[in-house]
Amino acid sequence: MQRMPSPTPEQITEKLRAVIDPELRRSIVELGMVRSIEIKDGGRIEVVVSLTTAGCPIRSHFEQAVAQQISELEGVTEVAVGFDVLSDEEKGDLQKTLGRGKLPAGALAQVKNVICVASGKGGVGKSTMTANLAAALSAEGHPAGALDCDVYGYSIPRMLGVNRKPDVNAERKILPLEAAGGVKVMSIGFFVEENAAVVWRGPMLHKAIQQFLEDVAWGELEYLLLDMPPGTGDVSMTLAQLLPQAKFLVVTTPQPAAQSVARRGAEMATKFDLELLGVIENMSGFTTPNGERFTIFGEGGGQILADELDVPLLGKVPLSEPLREHADSGFPLVTAEPDSPASQAIRQAARGIVATTPQELPVLQAVPAVAEAPPISGTPLPVVQGGA
Ligand SMILES: Nc1ncnc2c1ncn2[C@@H]1O[C@H](COP(=O)(O)OP(=O)(O)OP(=O)(O)O)[C@@H](O)[C@H]1O
Ligand SMILES: [Mg+2]
């Protein structure tokens, strides 16, 4: 009987392009993770895939995906998938492929997770959630920071109760301020006169955000939460370029009719290929002291959005006067009254975040040796530079 000729290495490589690393969101071919392809007699194909860590949890995903793709080729009788681990040098190359070379080595190197708190429209409670989630994470033993990316309407200094010009350390990095509970905080508000209107052009905005990521001594953090401005794509684009590993948390209100607007916030993330972490429904029903519940802003919107986006609904935070009062007075409710209903909902959301994010440093962000420290740029923030 005549046997089909075996496929060529090129045909196999072409097929392997369809195997995507679910974390890095690129093809294993593009990422240089295909170590070898061997074509044996009788149509047996042996492929070795290089992983970033030996205990890589997505091993079996690769195993199945590789076998499935190659077995679709004619002349293949058997597929064997083996694994090895990328060398440090190869990981460096991979890092370059991923475009992380844009930030100097070491910027955010000790920050395990960067989470953008976003929404499709303004006033849904992004800043309130950012401040309280950072405080809740920190209280549960997960060092957290809050970066105000809303350079036009910054509210993080007020909500976390810190506001002064930050100091600069010996390496000329800006030291974040520390709020109650040890939350590290950075905001453009620290650099401008109170109530001064900040007029930003696109490139300046980009530059300011970049400096907050590069020139701030964030140190070791498990979570850096980014308070996003309402409804603009500018900051998202900057972040997607600088931090392709950032994740999005979408805040929405409960009215089901508002979901098309809420989705816009999520679309920003998908457009820039950033991962969606989950949804928080804020301003869910209001419960009176005698236990009567009013669904002032409707009901069910958070769940609908989470289902549509196929991500978890991490929490439903009720309307709460103390939540607003504490945000106004600079001492987050989760710190002041950790057992109040709104605090409990936020703390639960914080635990949901912890459950869905890695606690390991991303492999691609290994802390560089001291000798490799980036040259001191010393570029002052645009605002400082402008003498505002
Ligand atoms: N669950 C809640 N209960 C009561 N008040 C709340 C709640 N969440 C937020 N607020 C209040 O609603 C107002 C808007 O919240 P916040 O500033 O956090 O929204 P935002 O999405 O950051 O707004 P912007 O889009 O303008 O940045 C604030 O006064 C805040 O204290
Ligand atoms: Mg805000």
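Axes are lines fitted to C-alpha atoms, for helices over the stretch in contact, and angles between N-to-C directions run from 0 to 180 degrees. The model in these views is predicted.

**Figure 1. Helices α1 and α2 cross each other.** Helix α1 covers residues 9-16 and helix α2 covers residues 59-71. Their axes come within 9 Å and cross at roughly 130°. Angles from 65 to 115 degrees count as roughly perpendicular and those over 145 as roughly antiparallel; α1 and α2 are therefore oblique to each other. The crossing of α1 past α2 is right-handed. On the α1 side, Ile12, Lys15 and Leu16 take part, and they meet Val66, Gln69 and Ile70 in α2. Sorted by class, this contact has four nonpolar residues, one polar and one charged.

**Figure 2. Strands β3, β4 and β5 form an open sheet.** The order of the three strands is β3-β4-β5, and the pairing is mixed. At the edges are β3 (34-39) and β5 (78-85), each of which pairs on one side only. From one strand to the next, the twist averages 15°. Strand β4 (residues 44-51) pairs with β5 in the parallel sense, over eight bridges. Val49 stands opposite Phe83 in β5.

**Figure 3. Helices α1 and α2 lie across strands of the three-stranded sheet.** Helix α1 lies across β3 and β4 and runs at about 135° to β3. Helix α2 lies across β4 and β5, and its angle to β5 is about 145°.

**Figure 4. Eight strands form a second open sheet.** The strand order is β8-β9-β7-β10-β6-β11-β12-β15, with mixed pairing. The edge strands, β8 (177-178) and β15 (313-318), each pair on one side only. Strand β7 (residues 144-148) and strand β9 (residues 184-186) run parallel and are joined by three bridges. Ala146 stands opposite Val185 in β9. In general, the strands of a sheet pair through backbone hydrogen bonds, either parallel or antiparallel.

Figure 5. Helix α8 contributes Gln259, Ala262, Arg263 and Ala266 to the contact, while α9 contributes Gly301, Ile304, Leu305, Glu308 and Leu309. By class, five residues of this contact are nonpolar, two are polar and two are charged.

**Figure 6. A shell of 21 residues surrounds ligand 1.** The closest residues are Gly122, Gly125, Ser127, Thr128 and Pro230. At least two residues of the shell come from each of α4 (126-139), β12 (275-284) and α10 (321-329). The shell has 10 polar, eight nonpolar and three charged residues.

Key
Residues are numbered from 1 along each chain as its sequence is written. Chains are lettered from A and ligands numbered from 1 in the order in which they are written. This is a predicted model: local features need pLDDT of at least 70, side-chain atom pairs count only at pLDDT 80 or more; totals for chains, interfaces and linings use all residues. A residue is near a molecule or strand if its C-beta atom, placed from the backbone, lies within 6 Å of it. Helices (H or I, at least four residues) and strands (E, at least two) are DSSP runs, numbered from the N terminus. Ala, Val, Leu, Ile, Met, Phe, Trp, Tyr, Cys and Pro count as nonpolar, Asp, Glu, Lys and Arg as charged, and the others, Gly among them, as polar. Two strands pair if DSSP finds at least two bridges between them. Two residues are in contact if their C-beta atoms, placed from the backbone, lie within 7 Å. Angles under 35 degrees count as roughly parallel, over 145 as roughly antiparallel, 65 to 115 as roughly perpendicular and the rest as oblique. A crossing is left-handed if the near helix is turned anticlockwise from the far one by less than a right angle, and right-handed if clockwise.
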